[in-house]
Each structure stands twice: as structure tokens, then as C-alpha cells.
Amino acid sequence: MTSVRGTHRRKATMGADVATRAERRGELLHAMLRIRRFEERCVELYSAAKIRGFVHLYIGEEAVAVGVNEALTAEDAVVSTYREHGHALARGLPAEAIMAEMYGKATGCSGGRGGSMHLFDAGRHFYGGNAIVAGGLPLAAGLALADRMCGRSRVTCCFFGDGAFAEGEFHETANLAALWGLPLLFVCENNLYAMGTALQRHEAQTDLALRAASYGMAAWAVDGMDVEAVERAARRAAEGIRGGGGPYFLEMRTYRFRAHSMYDPDRYRDKAEVERWKARDPITRLADRMREDAEPVEDLLGETEHQVTEEIDAAVDGAERAPEEPVESLLQHVTSLRTEAT
């Protein structure tokens, strides 16, 4: 027979678990909203010619960046793509340093020289966005190999898209990573379009996880619009890598709500398709799940919106006031090969 005291103890434990779950979901919600509002402000600033060059927005894919980074430690390494604002924010780079970089200011995380596609922060082990499709994959393999040779217990996580999956760099890297058992986490953000080319138009086999598994590594597909599913999968993969299981591959099935870049007229996608994916918005889905579980989401959303707005306003203000790089320093960090005239 169950005692009254035992029943109260179980109820107290269940209550604590629910409170912990609500707090955890609140953190995930805050992280995704922070990325969403940052990106939306970038649209405004780009339209006002405050931000120049190419800008690739992450709107719609926030669950991937947030969920994966939650599974990593501060010592793990991250290599990204040209669509990396969300990765950088989730990794912990300050919004002000990122915004200043978008402005091309000296206080930016890359000194104002990288801009939108080349965010970098060695102190946080964020080894950059990369403007070359699949260009980050060999770099990630090098980091993972160095860690193994030096006896460091670290995971290197490399983000890339379905377009990069079609490049030789992916297949060369996957082969070596599996052959050498490298501590490398492949995170493929499959948003169904390589720039303007639909997945089924450039891949004969569209199950990318199945193809990755052919290299002898653990691989599976994940609902990339569900931040909790992403976090669970990433934790499982990271634990497997830390346990000596070699590389892991996660195919995050996600979708970008905006065009490939700010220059892209986005005429290659059916509007109905976009709306179907927007109905699976990762932020809305998490908030709805919290409502279903009677978790206090409404006040949390209001407070989060206020905090995020203040942070982004401060980041923009800081970028506006930040200095340009001095002309006399323009040749620093520039390497050239000079040959004597014959």
C-alpha cells in the first residue's frame, strides 16, 4: 500500500521536474527568439544600406543552431557556413560584436574585415563562417585530427547545407573522418534548396542520412523544426563521439523562410510550400507545446521580447558608434607573395 508521504514525495518530484522542464524550454525559446529578432533587424538595416555586401538569413532554421549548441561544451569547436549569424549567436558571440562586424566596423568579431559571411571568434572556438560552399568541412576535419593527435577530448561540430553535401569536400572529409575515427559531428542543414536548386534536382538519393551512413558512420535524420528533438539528437551524437564512437552525421530537415540571400528574388519556390513550412515555425511550435503542458509561456514571451529588443537595440547603437578601421592598419594580417622582376 502506498503511503501518503510517498505520494506527496512523488508529486513534489514531478512538480520539480515540470518546473525544470518549463525553465529549460524558456531558455530554448529565448535563444531562438534572439536569433529571429536579430535577423529581422538585419533585414531593416540592409534595406537602409547600413549593412552592405551579401547577407544570408537564418530565419526558420533557429532550432538547429540552438539545439545543437546546447549539446556542445564551451571547449568544443564549431565550424560554420555563410549562413552563420544564428550559429554565432547560439555559440555565445555577443550580439554587439556580430552587429559591428555586419557594419564592417573595427569592433566587430573579425575586426570589420569579414562581414556577414566571415564571423569568427577563436576565444569561443567558433572557427568561422565560410563563403565557400563546403569550404568548412576540411577545416573541421583538420581541427578534429589535431585534437586526436594532441589527446584533447573535444568534439568539432561542422554545419553545412544540402548543397555542400553534393561537393567533393564533403565526401572526402566524410571518408577520412570515418577511416580515422575522428571526433567530428557533421550537421547537415537540409533546407531543401541549394541556393535556387531543389534537392531532388541535384541529388538522385534525397535521403542524405542514408548516403552518409554508407561511409560507416552513425547517421540519422532529425526534425529540424523541433528544437527539443534537435537537442536530444545532438546530445546523443556528442556523447557517442566523446565515447570514442568516431564521427556522427545528423541530417537536420529544416527550411529557410526567406530567400537564399537578400539579393535573391526567390522565384523558384511555390508560395504554398513556404506557407506550409511556416506553419511548422520552431518558435511557435515550442510555445504551443508549453501551452499544452500548462507552462507559463505568455508572460515569458513578453519578457523575452523585451530583453531581446533591448539587446539588439544596444548592439545596433554600438555598431553605429563604433570606429572604422584606421587606414594605416589596412595592410595588417595581409599576406602577399612578392616575386622579383626578371
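Student: R253 first. How accessible is R253, buried or exposed or in between?
Tutor: R253 is partly exposed, at 35% relative accessibility. Buried means under 20% relative accessible area, exposed over 50%, and partly exposed in between (1.4 Å probe, protein chains only).

Student: Which residue does R253 form a salt bridge with?
Tutor: E251, with the closest N and O atoms 3.0 Å apart. E251 is buried, with a relative accessible area of 0%.

Student: What's the source of all this?
Tutor: This is a predicted model: local features need pLDDT of at least 70, side-chain atom pairs count only at pLDDT 80 or more, and totals for chains, interfaces and linings use all residues. Residues are numbered from 1 along each chain as its sequence is written, and side-chain values use heavy atoms, with hydrogens and water left out.

Student: How many salt bridges are there?
Tutor: The count is 34. The rule asks for a side-chain nitrogen of Lys or Arg within 4 Å of a carboxyl oxygen of Asp or Glu.

Student: Which parts of the chain does the E311 and R34 pair link?
Tutor: E311 and R34 form a salt bridge at 2.9 Å, N to O. The pair links distant parts: E311 lies in helix α13 (residues 298–321) and R34 in helix α1 (residues 4–47), 277 residues apart. Helices are DSSP runs (H or I, at least four residues), numbered from the N terminus. R34 is buried at 14%, while E311 is partly exposed at 27%.

Student: Which residues are linked in a network?
Tutor: R21, R25, D226, E228, R289, D293 and E295 are linked by salt bridges.

Notes:
Helix = DSSP H or I, 4+ residues; strand = E, 2+ residues; numbered from the N terminus.
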